[in-house]
Amino acid sequence: MGKESERVKAWLDDHSDSARSYFNRSPRYWLNGCVERAQAVQTLITEPRSSRRRVSHPMCGPSRGLVHPATMERPHSCFSLHQIDNPESLDHYEGLSPQSLQSTHFPFSPCVSRSKCLPHSLSSSNPAGQCRRGESCNFMMRLVGGLSRPLQVKNLCLQVLQHLCEITQAQRCCLSMTTVDKTGVKCLGPVFQSDEESVYGYTQAEWYKCIMGYVVSTGRPLNIRDACEDPRFQIEPYERGEDRPKSILSVPILNHKKEVIGVIMAVNKSRPGSCFSEQDEKVLLSHMMLFGLILENSQLCESSEQESKRNQVLLELAQLVSHDYPSVDDMLSKMAAIILPVTKAQYCTVFISDDNSTGAFSRMVHIEDTNGSVQCSTRDCDTSDTSYMYAVHVQNSMETLNIANRPAQISKVSQIKSLIGTPLRGKQRGNVIGVCQLVNKRNMARSETEVFSRADELLLEDFAVYCALGLQKFNTQQKADKTRARLAVTKEVLSYQISASQEEIHDLEESIIPSADALCLLDFGFSDFNISQAAMTQAVVRMFLDLNLPQHFNIEYKTLCQWVLSIRKCYRNNVVYHNWSHALCTAQCMFAMLQTKDLQSNFSSLEVLALMIACLSHDLDHRGVNNSYIERSNQPLAQLYGHSSLEHHHYDMCLLILNNPGSQILSSLSLKEYRACVQMIEKNILATDLAIYIERRTKFFKLAQNNSCLWKDEGHRELLRSMLMTASDICAITKPWPVQKQ
């Protein structure tokens with residue numbers, strides 16, 4: 001920067017060790033370029049100091065340092081200053097800026113609390129004149145290399161401001177960092193002041209924004225002798241005459257890329273009647289060159305630390321969302337307990353809306369952190385409450401809101417000093433299911449309230465995503481619980497409907513069961529056309545008795561009778577073929593085949609029990625149509641099961657009856673036997689799907705023709721059981737012609 005560049009080079013020549021030490025310690029890649037430039041400057045050491053010609057920089061000369069007001073245009077329109085950010089912002093290139101609901105509010109964010117006192121180790125021990133003579137500034141060098149870690153941006157700015165007041169002999173100095181709003185427009189953040197104690201700092205006037213904005217937009221220093229007489233700036237009348245700005249000196253802060261990242265402004269010389277000189281301007285410029293590097297490095301360190309905390313918070317929130325909770329309050333309180341300590345908010349409020357709410361929200365959940373203990377309560381929404389109005393605004397705008405009320409606006413009714421709110425978005429675009437708010441950011445050290453930063457906004461937006469996921473998961477879980485409850489009620493009603501009456505059970509239990517020969521159960525030409533309903537149920541009981549199943553598995557006789565009657569009741573009478581009569585014929589054919597010597601000696605009793613239960617249950621609740629029709633008509637059964645829809649439904653109905661109180665004929669089986677039996681029943685019923693039979697018949701006939709069926713091979717036994725099920729299912733085509741025709 002002209003002669004200031006020569007000034008820096010001279011300083012680097014005299015303090016090369018300190019400069020190199022600083023650059024080597026910095027963790028950021030851009031400092032490597034600075035080191036290279038510093039090493040290049042070393043070549044100037046061999047040149048005589050007198051041979052270095054200083055070039056007058058136009059921005060620092062008298063012609064630009066003290067400009068007559070009439071020669072410059074009014075700079076109000078040269079820079080957009082309608083949005084803000086917090087001084088602790090982690091990245092001044094990010095952009096969602098808080099906005100107030102009331103356009104009449106001062107557009108700058110209230111500043112955080114400031115302390116006039118510097119740490120003793122950092123206070124300048126040298127007279128102010130040392131900095132002014134171009135010699136090394138011990139204060140700035142301590143900031144460069146005398147700290148074990150960079151200061152926070154807020155503390156760094158406040159300390160530098162007070163040092164600048166000392167060396168320039170200014171009444172007060174102020175500083176503002178640049179940021180970028182959502183539209184990509186560069187704007188100023190909140191203003192630090194060296195003499196400001198107020199938490200909110202609304203003493204900043206319009207001329208602050210105008211002058212500092214002009215310097216940022218042009219990148220040039222500005223030195224004004226008398227601001228009150230300058231027609232370009234509107235100086236508002238102050239109650240105290242000593243607060244009226246007169247002489248003003250403002251210079252930009254540059255980063256390593258020579259981009260403007262902030263602005264410093266000194267107001268009023270301490271000595272009455274004097275104004276800022278060209279030397280003051282040079283001093284500020286020389287300090288800001290180094291301060292820009294220090295500030296950027298501090299911001300990078302803060303950003304890294306904050307990002308680490310943010311990642312930890314998001315990880316904990318993700319773990320919490322995966323859990324199940326008895327209530328929404330319990331879920332939100334645990335999630336809020338994670339974000340409240342990080343953002344230092346006094347309390348968190350979640351407004352929830354649903355389809356049944358008449359207003360904007362149905363209810364609100366208030367979570368407050370009191371001395372490390374989280375208190376949660378559910379309240380009705382008060383439409384006259386200030387936070388409710390802010391929540392409605394966020395819901396309508398669907399954008400994050402960051403506001404800070406002036407001290408004069410804080411009343412006994414509303415104690416909201418600072419607030420950020422963001423919408424909870426649903427699955428569909430444009431659907432807002434609630435609003436989350438954080439209220440009153442606290443400064444634990446000073447027991448004061450601060451402004452929520454851009455980092456707090458980002459964290460709240462992430463928190464809102466997990467809140468929305470948690471609410472949707474909870475609602476889905478509630479719907480699932482209600483669905484399960486409805487299913488349980490439906491099964492209870494169905495259980496009653498499929499249960500036989502006590503009179504029917506008693507009649508079957510007391511009746512004399514005819515023999516198998518009397519009922520022609522061993523004849524493959526068996527026909528049930530001339531048999532009564534009572535005789536049909538007696539025939540089933542006879543088959544179980546002759547196979548010794550009740551004796552072998554300790555099945556109570558009454559339980560067997562009730563189970564048989566329940567099976568008969570679950571077949572639809574209006575179905576022409578796949579009815580109770582078809583189930584009896586299928587079971588009779590299986591019974592007749594099981595009486596043959598080879599099958600009887602090779603099948604276990606458990607296999608026989610599974611085959612008989614499967615035959616009687618294989619078409620339960622049949623609708624009279626096939627799987628293809630069910631799939632093409634997109635019936636609920638097809639949506640529920642996908643393939644073999646009817647067979648899966650028959651199996652489910654079979655289990656329903658087997659588990660129905662009074663019909664539990666498998667209750668005496670061990671757990672291992674029960675699982676094996678139920679598994680075989682399922683495979684046997686699914687085998688009645690002719691599509692499955694077509695797939696297996698080739699393998700079966702090949703084994704039969706080659707006489708290679710092995711009884712010890714479980715796969716061969718299962719294949720044989722499947723073929724027996726198909727044979728029994730279609731046995732009607734083997735009946736004598738008169739029976740087959742009918």
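Colleague: Which residue of E10 is the bridge partner of asparagine 402?

Modeller: Strands are DSSP runs of E with at least two residues, helices are runs of H or I with at least four, both numbered from the N terminus, and two strands pair if DSSP finds at least two bridges between them. Here the partner of asparagine 402 is isoleucine 420, and E9 (residues 401-404) and E10 (residues 418-425) run antiparallel, joined by 4 bridges. This is a predicted model, in which local features need pLDDT of at least 70 and side-chain atom pairs pLDDT 80 or more, while totals for chains, interfaces and linings use all residues. Residues are numbered from 1 along each chain as its sequence is written, and side-chain values use heavy atoms, without hydrogens and water.

Colleague: Are the residues of E9 buried or exposed?

Modeller: Buried means under 20% relative accessible area, exposed over 50%, and partly exposed in between, with a 1.4 Å probe and protein chains only. In E9, Leu401 and Ile403 point one way and Asn402 and Ala404 the other, and all are buried.

Colleague: Which residues have the most contacts inside the largest nonpolar core?

Modeller: A nonpolar core is a set of buried Ala, Val, Leu, Ile, Met, Phe, Trp, Tyr and Cys residues joined through side-chain atoms within 4.5 Å. The largest has 68 residues, and those with the most contacts inside it are Phe544, Trp563, Met612 and Ile613. Helix H19 (residues 605-617) gives the most to this core, with 10 residues, whereas a second, separate core of 35 residues includes Met331 and Cys436.

Colleague: Where is isoleucine 730 found?

Modeller: Isoleucine 730 lies in the loop between helix H25 (714-729) and helix H26 (737-741), and is partly exposed, with a relative accessible area of 37%.
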